[in-house]
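Biologist: Before I rely on any label attached to this model, I would like to see each one set against the rule behind it. Could we go through them together?

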Amino acid sequence: MRTLLITGPGGSGRTTTAAATALAAAREGTRTLLLGTDPTDTLTPVLPDDTTPPTLTTHRIDPDTTAREDLTALQTRAAPALDLLGTPRLDPEEFTPLPGAEELAILRALRDAALDDSYDLLVVDLPPTPRALTLLALPEELRRYLRRLLPPERQAARALRPMLGRLAGVPMPAEWLYETAARLDLQLAAVEAVLADRGTVVRLVAEPGPAGADAVRTATLGLALRGLRTDALIANRVLPESDPDSWLAGPVAQQRKTLDEWRQSYDVHPVAHLGRDPRGADDLAALAVPPAPTGSGTVIWPVTDHLADDDGVLVWHLPLPGARRDELDLIRRGDEIVVTAGPFRRTVPLPSALRRCTVAGAALRDGELRIRFRPDPALWPRTR
């Protein structure tokens with residue numbers, strides 16, 4: 001299945017764009033699932049159910065129901081411990097959404113939808129860009145925390161845990177805790193696989209203007225740091241040319257300036273302003289949004305070999321379009337490197353060849369961070 005993730009600043013029209021994209025694909029015969037992540041159901045007013053073709057299915061995530069199901073399942077798995085403590089069970093009606101429950105519900109729905117072979121295309125109306133970037137980073141970060149707090153290799157010594165607990169004088173993690181962590185890690189790994197799939201791309205939506213330009217630069221940088229591929233930039237609500245003496249002349253000129261700047265760096269698709277909020281299949285078709293991408297590919301961070309040159313280094317290339325030198329920071333920590341780019345930070349495992357090297361410097365050139373590594377003589381095989 002191909003997966004198209006659509007996001008943009010709040011109020012940019014990302015929901016309308018997602019609905020128009022899904023509708024266009026469905027009308028061409030593509031079995032399409034449109035996934036809405038807004039709890040207030042912004043999809044139905046834009047695309048009522050009675051206007052959708054049979055090849056289009058819409059689904060809205062209900063985080064409250066998902067949270068109740070998860071907590072009920074947790075109580076069931078922890079039943080022995082709860083019975084031992086004499087703790088009464090919570091009724092499903094008592095459950096209220098916890099912080100982070102909505103994000104986890106979205107990730108689960110994304111995983112389940114992408115694994116459903118009933119569809120050829122999944123279009124996801126993600127939350128506004130800042131929340132979307134946090135959401136897309138969540139699987140990798142949670143898995144890293146789990147590995148640090150409950151390393152899998154410690155589970156292999158579960159037969160020794162009672163003895164180790166007596167020797168240390170503190171209780172060791174229970175078996176159910178490791179099982180829960182392993183189950184969560186498997187679920188998060190499935191979401192990571194969807195995001196890293198060759199058929200998954202992100203489409204940005206923004207109104208051309210100063211605010212939209214800043215939002216697009218920040219979003220592009222955040223997506224690039226996560227290794228996510230962007231296929232197009234939808235310039236939404238583009239105004240028509242107007243009389244130079246009209247009050248629209250200023251906004252039109254501002255939009256044209258931003259569009260010219262965007263075209264130098266992005267694959268821009270202008271979508272005209274209809275003069276009203278799009279409602280129904282006819283309005284969505286009139287937007288003439290570009291079709292969902294059919295190609296596939298992944299973002300590659302290659303390592304190039306310059307050991308034979310005078311520098312004698314390996315160079316790791318990290319594409320970071322929109323990055324600025326004064327907003328970059330690098331920290332080497334064991335076999336990982338922490339990259340900070342603007343408001344974003346990611347801890348990235350080093351490729352195996354670079355783990356036996358020391359960092360020799362870095363430079364930002366043409367939207368690409370190039371980190372130089374010099375082989376560590378104590379670890380690098382010597383040639384005779």
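What follows is a conversation about labels and the definitions behind them.

Modeller: This is a predicted model, in which local features need pLDDT of at least 70 and side-chain atom pairs count only at pLDDT 80 or more, while totals for chains, interfaces and linings use all residues. Residues are numbered from 1 along each chain as its sequence is written, and side-chain values use heavy atoms, with hydrogens and water left out.

Biologist: What does the secondary structure of the protein chain come to?

Modeller: The protein chain has 12 helices and 14 strands, where helices (H or I, at least four residues) and strands (E, at least two) are DSSP runs, numbered from the N terminus. Of its 384 residues, 41% are buried. Among contacts between residues at least 6 apart in sequence, 69% join residues at least 24 apart, a contact being heavy atoms within 4.5 Å.

Biologist: What separates L186 from R143, in sequence and in space?

Modeller: L186 and R143 are 43 residues apart in sequence, and 9.1 Å apart in space from C-alpha to C-alpha. R143 is one of the buried residues of α6, among them also L133, P139 and L146.

Biologist: How do you know whether α6 reaches the span expected of a helix?

Modeller: The expected span is 1.5 Å times one less than the number of residues. Helix α6 (residues 129–149) has 21 residues and reaches 30 Å from its first C-alpha to its last, close to the 30 Å expected.

Biologist: What makes L138 a kink in α6?

Modeller: The bend at a residue is the angle between axes fitted to the seven residues ending there and the seven starting there. At L138 there is a kink of about 45 degrees, shortly before the proline P139.

Biologist: What makes β8 and β9 a pair of strands, and in which sense do they run?

Modeller: Two strands pair if DSSP finds at least two bridges between them. Four bridges join β8 and strand β9 (residues 313–319) in the antiparallel sense, with H306 opposite V313 in β9. Likewise β13 and strand β14 (residues 368–375) pair antiparallel over eight bridges, and P375 in β14 is the bridge partner of C357.

Biologist: Why are β8 and β13 called edge strands?

Modeller: The open antiparallel sheet has four strands in the order β8-β9-β14-β13. β8 (303–306) and β13 (357–365) each have a single partner strand, so one side of each is left without a neighbour in the sheet. From one strand to the next, the twist averages 25 degrees, where axes are lines fitted to C-alpha atoms, for helices over the stretch in contact, and angles run from 0 to 180 degrees between N-to-C directions.

Biologist: In what order do the seven strands of the parallel sheet stand?

Modeller: That open sheet has the order β3-β2-β4-β1-β5-β6-β7. Its edge strands, β3 (56–60) and β7 (268–272), each pair on one side only, and the twist averages 20 degrees from one strand to the next. Within it, five bridges join strand β2 (residues 32–36) to strand β4 (residues 121–125), T32 having L121 in β4 as its bridge partner. Helix α5 (residues 101–114) lies across β1 (2–7), β2 and β4, and runs at about 165 degrees to β4.

Biologist: What makes the phi of R237 and of D366 worth a remark?

Modeller: Most residues other than glycine have a negative phi. R237 has a positive phi of about 55 degrees although it is not a glycine, and D366 has a positive value near 55 degrees. R237 is found in strand β6 (residues 230–238) and, at 24% relative accessibility, counts as partly exposed. D366 is in the loop between β13 and β14 and, with a relative accessible area of 79%, is exposed.

Note on methods:
Buried means under 20% relative accessible area, exposed over 50%, partly exposed in between (1.4 Å probe, protein chains only).
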